[in-house]
Amino acid sequence: MDGTGGLRHHGDVDAEPGLLDFAVNVRGSGPPGWLRARLVGALDRIGTYPSAADDRAARRAVADRHGRAADEVVVLNGSAEGFALLPNLRPRLAALVHPSFTEPEVALRDAGVPVHHVLLDPADGYALHPERVPEEADLVVVGNPTNPTSTLHPARTLASLARPGRVLLVDEAFMDAVPGEPETLTGEPGVLVFRSLTKTWALPGLRAGYALGPPGLLARLTHGRPQWPVGTLVLEAVAACSEPHAVAEAQRDAAVVATHRRQLERALGEIPGITVHGPAAGPFLLLTVPVGLRAALRAAGIAVRRGDTFPGLGPDHVRVAVRAPAECSPLLAAVRAHQEVLL
Ligand SMILES: Cc1ncc(COP(=O)(O)O)c(C=O)c1O
């Protein structure tokens, strides 16, 4: 699959009903009890329009979490909304670091913005090479850690891409799954950062995320949004997940995920014919596998995310979500079984 149609492909399509899901990176099947209770409590307020007070409280909580000012925060209808708003910045040339999440490219191409692919290489762990970014690019988009490579780029390498007259957008949708968030750019006042609550808090159906950036840039980005762009429940979730207890919980979970990732990496790496790309820092792994493995896994009742719709990857790539060892056993057994037939 290629072209813009392929770019619109996401793991939720691979995760067909009835399959064991390693395709979608959402952790667990729903939000924790305390967050559910906060959302249920907020239902009492949906009889009125989303209030300015709720919006302020959500932005204040995000600002406090990241050491920023409330006017440097915009709550988004999922970080995907932020990508859809990028054409508002009227870029003349967008440099997109790939392989990476494709929604920014879809939005920019649909708006007729010229797009340049900055392709990274597996040989050095998909490390970022700033010199590959064209000087004339006035928008640069990079994920950190990157989906699907799981590469964590150093904050200082990313920051070196900033220029007067250029917007540097760092998609940190998975940063809260990295213990200590050491490479986050949320503290850099000039950089545009998108964050998502979707994966860590198992809220994909709610659509909750936010942008951090200079107030003037956020105003340009959000120009023309509808009145009441996000609902009361989204504002409640953003406020709740930014409170210190929630951040601490996410960080404890991130440490567990890192342990599970190392276990899955080791187990997959021991299977002949499977290459695990690394160093990996996110809650998923990119694998090079024999073409046909994905279909074989599907026949065995297991969904993994196809890799060939990411620019720079092919039909011999798949992405798997990191899960607890007991949940990974069927995946590992099915991969081993398929490989044994081949060898
Ligand atoms: C790297 C990356 N960024 C952003 C998003 C969008 O997240 P949200 O649910 O906040 O719109 C996704 C969703 O898959 C993603 O993988």
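Start by selecting His338 and Gln339: their side chains are joined by a polar contact of 3.3 Å. (A polar contact is a pair of N or O atoms within 3.5 Å; within protein, one must be able to donate a hydrogen and the other to accept it, and residues adjacent in sequence count only if both atoms are side-chain atoms.) What you're looking at is a predicted model, where local features need pLDDT of at least 70 and side-chain atom pairs count only at pLDDT 80 or more, while totals for chains, interfaces and linings use all residues. Residues are numbered from 1 along each chain as its sequence is written, and side-chain values use heavy atoms, with hydrogens and water left out.

Stay on His338 for a moment. It sits in helix H12, residues 325-342. (Helices, H or I with at least four residues, and strands, E with at least two, are DSSP runs numbered from the N terminus.) Leaving aside residues up to four places away in sequence, His338 touches Gly292, Leu293 and Ala296, where contact means heavy atoms within 4.5 Å.

**Two domains**

Now colour the protein by domain. The domain assignment gives domain 1 as 6-29 + 248-342 and domain 2 as 43-242; such bounds come from an automatic or database assignment. Taken over C-alpha atoms, the centres of the two domains are 25 Å apart. Domain 1 brings 31 residues to the contact, and domain 2 brings 35.

How much area is buried between domain 1 and domain 2? About 2600 Å², with carbon and sulfur atoms giving 64% of it. (Buried area is the accessible area, with a 1.4 Å probe, that two parts lose on being put together, summed over both.) Select Leu7, Phe284 and Pro311 next: in domain 1 they lose the most area to domain 2, together 21% of what that side buries.

Next, click on Arg8 and Glu103. They form a salt bridge, with the closest N and O atoms 2.8 Å apart. (A salt bridge is a side-chain nitrogen of Lys or Arg within 4 Å of a carboxyl oxygen of Asp or Glu.) The count between the two domains is one salt bridge, alongside eight residue pairs in polar contact, both residues at pLDDT 80 or more.

**A five-stranded sheet**

Switch to cartoon view and look for an open sheet of five strands in the order E1-E11-E12-E10-E9, with mixed pairing. (Two strands pair if DSSP finds at least two bridges between them.) Its edge strands are E1 (20-22) and E9 (275-276), each pairing on one side only. Zoom in on E1 and strand E11 (residues 302-306), which pair in the parallel sense over three bridges. Here Leu20 stands opposite Ile302 in E11.

**A salt bridge within a helix**

The whole structure has 19 salt bridges. To see another one, select Glu105 and Arg109, whose side chains meet at 2.8 Å, N to O. Both lie in helix H6 (residues 103-110), four residues apart, about one turn of the helix.

Most residues other than glycine have a negative phi, and most peptide bonds are trans.

- Pro145 is in the loop between strand E5 (139-143) and helix H7 (155-159).
- Gly278 and Pro279: a cis peptide bond joins them, with omega about 5°. Pro279 is in the loop between E9 and E10.
- Tyr126: phi is positive, about 55°, although this residue is not a glycine. Find Tyr126 in the loop between strand E4 (115-119) and E5.
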